[in-house]
Amino acid sequence: MDIAELYTTAELAQIKLEDSEVESLGGEVSQMVAYFKKMMEVSVDALEPTTHAFIKKNRLRPDTFHPSTLADDILEQSPDLEDRFICIPNVL
Amino acid sequence: MTQQINWKETLADGGQKAYIAEVKKRDALVGSFLEFDPPRGKMARPQAEVQTTEELAGIPFAIKDNIALRNFKLTCGSKMLAHFVSPYSATAVEKILAAGGIPVGKTNMDEFGMGSSTDTSALGTTSNPWDLTKVAGGSSGGSAAAVAAGLVPFALGTDTGGSVRQPANFCGVYGLKPTYGAVSRYGLVAYASSLETIGVVAREIPYLEKVFNTIRDQDEKDNTTADWRDFSDPKEGEVTKIGVLTGSLGLDPGVAEAYAQVRQELLALGYEIVEMQLPMLDYAVPAYYTIATAEASANLARFNGIRYGHRPVYSENPEELVQKSRDEGFGAEVKLRILLGTYVLRSGFQDQFYLRAQKIRTALVRDFDKVFSQVDGFLLPVFPTQAFSHGDGGLDPFQQKVADKFTTTANLTGLPALAIPTGVSGGLPTGVQFMAPAFCEDRLFGLARRLKSNLTLGEPPEFPALYAGQEGRS
Amino acid sequence: MRYPTKYDSFVGLEIHVQLTTESKIFCGCRNRFGDEPNTNVCPVCMGLPGSLPSLNQEAMSKAYLVAKALHCDLADTCLFERKNYFYPDLPKNYQISQFAKPLGTNGWIDIVVDGVTKRVRIHECHLEEDAGKMIHAGDMSLVDYNRTGTPLLEIVTEPDLNLGEEAEILIHELRRIVRYLGVSDGNMDEGSMRCDANVSVNTKGAGLGRKVEVKNLNSSRFVRLSLNYEIDRQTEILEDGGTVVQETRLWNENRDQTIVMRSKENANDYRYFPEPDLPPFRTTPEFLADLETRIVELPLDRRVRLVSTLGISQTQAEVIGEEKANADYFEKVLEYGADGPTVATWMTGDVQKLLNRTGQSAAESPLTPERFAELLTLMAEGKIHGKIAKTILELVFEKNKNPRVIMAEQGLEQMNDSGELAKLVSQVLVDNPVAVEQIKAGDTKPMGFLMGQVMKASGGRAEPGMVQKMLKEHLG
Ligand SMILES: [Mg+2]
Ligand SMILES: [Zn+2]
């Protein structure tokens, strides 16, 4: 994978690449991508993709609400709270 | 089962102190726990209401640190979640609590389950109780090591591409990867959602079975669970014909020897052996890593430092907050897999990689449909090597990935698989695994029980059985 | 300024409709607007590690119902996918949505523009989860996740609209439809219906032009204004020989113009892939049968029917047919034998005034359809006249009693006994000699005054026609 592709990918993944990481990570990514290309040896034209195993029935939940008992515990995990709001620097 | 009585006493009022002291002493060497706090674990369910008749009443157990237990941390071995305390418990954990089990702590693991050694953990090092210079395997290395070192009779792990079976194999204990959908994933921090399942590590088969029967169930909170009752085993657990994977398997001598020995024992026990090959085996690993990293790239997107998790000291705007949080919070292996997964899903690359991998998965499913139309169980190795060394003396990250070829097949197909210990070679455990058709875990337990009587299993010399119920392996 | 002879304009809409359910789409949290921040949240809708989505059956039914009402082909298998992008109000940093297999495709909606029916094609309908909300306060942004996980139906039209006015009409019609179906309140000002649009202009006959997306249209008025602004802007560019830049623009309501949000060059790559946590949904005979029981006559069809079969005016049909409950009420009154145009006149007139005053809907008011019909029957029977009817109508609201009972209790029955009326008339003529003289001298003006005096003397109950006739007899 070339450097430009690596940076585009990193941007999509919201991963900031330090200059020091580019070489090692870039190398490993390329090695794996090359390895993935082994899959080209298989003819897959006649095959449907498998995305879910063994699920035959619809799985639906009845529409009933449950009081949110964990809301406060969840907010406690937030690094920065303002009243009950979660706080981040402003979107410019 | 009378063996349980002593485990029960470990956490009774008199035994708790001695137990805690002994675990701490042992774990100072092994490093299996990230958090160990039996008194707090006992509060997970009021002990007064536990009936002694309950299936797992009073039995201590450990939980891999990517499975939620309320009021305990849920770090996933990552700096990202080093201080995250779970406000809720996983369904599987709830079920064990409901059966009377007592969670004593959370075990170390490769960061977010990404590794085969537990060395990618950002929060601690776990060593193999058989030889502390060796890894315990991964990613459920902490759970396997805790069980092997006699600290708990069983532990929960998770298996995405072999993460229960491989460390169990390295540590000489049993490791079950159930059928996909048999056990709820609610509360299991997702790495690769369509591949992974909660599994069980145990030193004794009865615990394995009991725990599995306790945790398997359809769950309203996990729409990918299925009702096991809808999939009854037409053979009711009976196994007569066993497929054996042949061909050039590339096994280390100790592993090859054990594999051959098991084959002999099976014959000796009267099983019919059918030699088989899997045409898609060579493509399992690239397909596996394509799918796993793709799913991981989305699953790990939620870690952005906003609602929880690592947040940088200062950031100018939301984008910088998110990037710094992820840059500082994730280790190198995690970043590698997120990048890979993002790449294989990108438009222009998705058909070539992700979609192709999902089709190869279909081909592999067909391979196994064929296998199980001919045999009742399938024997294959777990990992090409025995436990390897920490650091540079071991396998490099790429070699470790390629070595997942025998384990990933069960994850790609969703089929159940059980790693069983077979003995010791060169001071380290050896083992094999069996696969069975979907929801036919009983066949695996049956096979394990039959084989056990013909094998000589040892225990780690430095960590002899702590409590009754662990000896008497022969 | 438009150049209708030289250019074509094309507008397509993406409309997001929040579905009203008890619980959110993937968790049991309450689906409710306006609560304290971050109270209706749980591990699932906050994207906590380890949580998984669990699909709400009612959200699925309501989404399919709208697709059906929009004449879509209903997918026998639909699939959720992950749409990947980072945004602070999106907890998982992917949105569970539908992409390759949406639940409805290839439908249409009819709208009426200047009395002419226009058919707008629906490209697709898909179900997804809503994100949270951010409030920007100085150098901080405050995030509230109560809204995350609200079931959201996205409706995408083909670019079959040509003007802002048409888009506004479509939005109003869609609002009626979702309210008729009882799946959403469709309020744009509360964000329960939101709209994005794409606009392109091209030389006449040359097909679609280069597409500009317009976002942030949070009222139907803004939809109209912004689209017309955008059509004019693009037309001018073309007229000047320029090229329209493909970009996303925002409607700025303070400046009444669209402004650039971001250019499309660093386009997002959403990396859609099937949501592994949710198996595909397959319609079953029971599911489809349930939809049949829930589908209703659509608002436009109903307005047409009210006009064509019941003889009421277009304007009345629009008022009465705006809300399903009102139209149902109207037709209920007719079931008691009342006459369509009369009911419509009363309903859109005096009844509506009273309802406005009491802040009630017709259905929940003391004026049951039966009472409404009874009131009109009393009039038809000649027991009361129009003015008394209005009095009784007010008393029905006040006392919550039947019109006939009120009439009897209050002695409001029309006075049409000619002997009694003759006495009243004679008395009034005696009491007002001046007026009588004037009339006899040829000035008919005081006639009204005398009429009023008789009515007053009768307590308003005198049958006005008879009174008028008697006065004329005496004075003519
Ligand atoms: Mg959308
Ligand atoms: Zn929720």
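Biologist: How many salt bridges are there between chain A and chain B?
Modeller: In this predicted model, the count between chain A and chain B is 5 salt bridges.

Biologist: Which side chain does Lys57(A) meet in a salt bridge?
Modeller: Lys57(A) meets the side chain of Asp230(B), with a distance of 2.9 Å from N to O.

Biologist: And how many residue pairs are in polar contact?
Modeller: Between chain A and chain B the count is 20 residue pairs, taking those in which both residues are at pLDDT 80 or more. On the side of chain A that touches chain B, α1 (3-12), α2 (19-36), α3 (71-76) and β2 (85-89) each supply at least two residues, and α2(A) gives the most, with 9 residues. The residues of that side divide into 31 nonpolar, 9 polar and 15 charged.

Biologist: What area is buried between the two chains?
Modeller: About 5,900 Å² is buried between chain A and chain B, and carbon and sulfur atoms give 67% of that area. Within chain A, the residues that lose the most area to chain B are Met39(A), Phe54(A) and Arg59(A), which together make up 14% of what that side buries. In terms of contacts, 55 residues of chain A are in contact with 75 residues of chain B.

Technical notes: Residues are numbered from 1 along each chain as its sequence is written. Chains are lettered from A and ligands numbered from 1 in the order in which they are written. This is a predicted model: local features need pLDDT of at least 70, side-chain atom pairs count only at pLDDT 80 or more; totals for chains, interfaces and linings use all residues. Side-chain values use heavy atoms; hydrogens and water are left out. Contact means heavy atoms within 4.5 Å. Buried area is the accessible area (1.4 Å probe) that two parts lose on being put together, summed over both. A salt bridge is a side-chain nitrogen of Lys or Arg within 4 Å of a carboxyl oxygen of Asp or Glu. A polar contact is a pair of N or O atoms within 3.5 Å; within protein, one must be able to donate a hydrogen and the other to accept it, and residues adjacent in sequence count only if both atoms are side-chain atoms. Helices (H or I, at least four residues) and strands (E, at least two) are DSSP runs, numbered from the N terminus. Ala, Val, Leu, Ile, Met, Phe, Trp, Tyr, Cys and Pro count as nonpolar, Asp, Glu, Lys and Arg as charged, and the others, Gly among them, as polar.
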